[in-house]
Amino acid sequence: MTLLAMMVALTASAQERDYHLYPYGFVGIQGGLMKNYSGTVPERKIAPEAALSLGYFFTQEVGTRLTGAGTMWKVDTPDGEYDSKMLDLSLDLLLNFSNILFPNRHNAVNVIGVFGMPWQIITPHTYIDTYGGTQVQDYDKWNRGWKGGGMLEFDIAKHWGLNIEAGSIYMNNRQHSAANKNRWWPYAMAGLSYKFGFKKKHVAEPVVEEYVAPEPEPAPAPAPKPVVVEKKEEPAPAPAPAPKAPAKIEKNIFFALNKADLQSAEKVKINDIVEFAKANPEAKFTVTGYADKGTGNATVNKRVAERRAQTVKTQLVYGGVEATRITTDAKGDTVQPFANNDENRVVIVVGKE
C-alpha cells in the first residue's frame, strides 16, 4: 500500500489544483504495533495498537490533532498470567517540514513532525496467580507523558491521504514505585485520513478582447486644376497616395487551469484571426503559449504551454489559414506576460504583414 501510495502521489504532484489546500480539517484512523519498556519483570511483548484522531491544519506549516489510542497485551509467566489494557488521549502539535522548506507548492509527500502530551485515561491490570488461584486487579489513570515522532503523509487524492507514523511516548507513572516509575512506549503505525473543509480557489474571468478595425484613411484631396496659359502645358501629375500602414492583429486566448482545450468564449477570437488572414493574404502569424508560474512546475508548465499553442494553430489551420504562415513557440512559465497569475494561462497570437 505504501509503494502504491508513493507512485500515485508522485504522479499527482505535477497536477494543478482548483482549490486551496490550507486550511483544512481531517479525520484519521491508524493501526500498528507498540512496545512497553517498563523495567519490570515480566517484560511486555510487542502488542497491537489502534488510534483515532481529529485534527486541523491552520496553515501549510502548522496543525494540531486530538488522538485517542488503545492497546492491550498479555504475558504468561511461570507463576501466573499478566493481562493489561491501555487507553490514552493525546493532544499533538503537527509541523509540516516539507512545506516549511518548500512553501507555496503542492508536495505530494509531506514530512511531518509530531510533538504531543498524552494522558492515560485508564489502564486496567489483572494478575492471575496460577498456583494460588487468586486474581489481583489494579489500574492506573491520568498518568501524564510526552510524545515525539514523525510521519510521512502521501497525498493520493483531494480528500484522501495515506500515512506512516513512528515515535515514542515517555509516560510518568503517578504511583512513583521504585520498580515501575516511568515507561517508554515506542510505536509504529500506518493509517488513512479523510480531509475536508477546502476553500474553492477564485479564478478570475479572462478579459475578452475584441478586434476593432482601424478607421479607414480619408481619400487624398483631388489635385487642383492646372492654370491655362498661352503655352499649353501638360497637367501636373496627381500626388502619390500616402503609404498604407501594415495591417496587424493581436489576440490573447485564455485557457482554464491545466487545460489546453479551447473555451467557447475564446472561439470568437479564432474567427477574427481567420477573417484577418483572409483579408491579408501576405500576413504571417506567431502563436506563443504560456503557463502560470503559481501552479505546477517548470516541466509540466512547458508541456501545457506547448499543447495550448498547438491547439490554437490547429484551429487556425482548420479555419483556412495555411500552416506555412504560422510559427509556434512555448515559453512555459519562464515568461509571465501579465501581472495577474491566472491570466498567464494564455496563448498570444500576433499577425502582421
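The model is predicted: local features need pLDDT of at least 70, side-chain atom pairs count only at pLDDT 80 or more, and totals for chains, interfaces and linings use all residues. Residues are numbered from 1 along each chain as its sequence is written, and side-chain values use heavy atoms, with hydrogens and water left out.

Four strands make up an open sheet, in the order 12-15-13-14, with mixed pairing. Helices (H or I, at least four residues) and strands (E, at least two) are DSSP runs, numbered from the N terminus. Two strands pair if DSSP finds at least two bridges between them. Strand 12 (248-254) and strand 14 (326-332) are the edges, each pairing on one side only. From one strand to the next, the twist averages 15 degrees. Axes here are lines fitted to C-alpha atoms, for helices over the stretch in contact; angles run from 0 to 180 degrees between N-to-C directions.

Now take strand 15. Strand 15 (residues 346-352) pairs with strand 13 (residues 284-290) in the antiparallel sense, over six bridges. G289 has V347 of strand 15 as its bridge partner. T286 stands opposite V350. Strand 12 also runs antiparallel to strand 15, and seven bridges join the two. Here I249 has G351 as its bridge partner. Six of the seven residues of strand 15 are buried, so the strand is largely enclosed by the rest of the structure. Buried means under 20% relative accessible area, exposed over 50%, and partly exposed in between (1.4 Å probe, protein chains only).

Contact means heavy atoms within 4.5 Å. Helix 4 (residues 298-319) lies across strand 12, strand 13, strand 14 and strand 15. Helix 4 runs at about 160 degrees to strand 14.

Next comes the core. A nonpolar core is a set of buried Ala, Val, Leu, Ile, Met, Phe, Trp, Tyr and Cys residues joined through side-chain atoms within 4.5 Å. The largest has 20 residues. Those with the most contacts inside it are I253, F285, V287, V312, L316 and V349. Strand 12, helix 3, strand 13, helix 4 and strand 15 each supply at least two residues of this core. Helix 3 gives the most, with five residues. L316 touches I270, I273, V274, V287, V321 and I326, not counting residues up to four places away in sequence. Another core, of 10 residues, lies apart from the largest one; A47, M86, W185 and Y187 are among its residues.

Two single residues remain. N258 is found in the loop between strand 12 and helix 3. N258 is not a glycine, yet it has a positive phi of about 60 degrees. N258 is partly exposed, at a relative accessible area of 24%.

G145 is found in strand 8 (residues 144-155). G145 is buried, at a relative accessible area of 1%. G145 touches G116, M117, P118, Y170, M171 and N172, not counting residues up to four places away in sequence. G145 and I169 are 24 residues apart in sequence and 6.8 Å apart in space, C-alpha to C-alpha.
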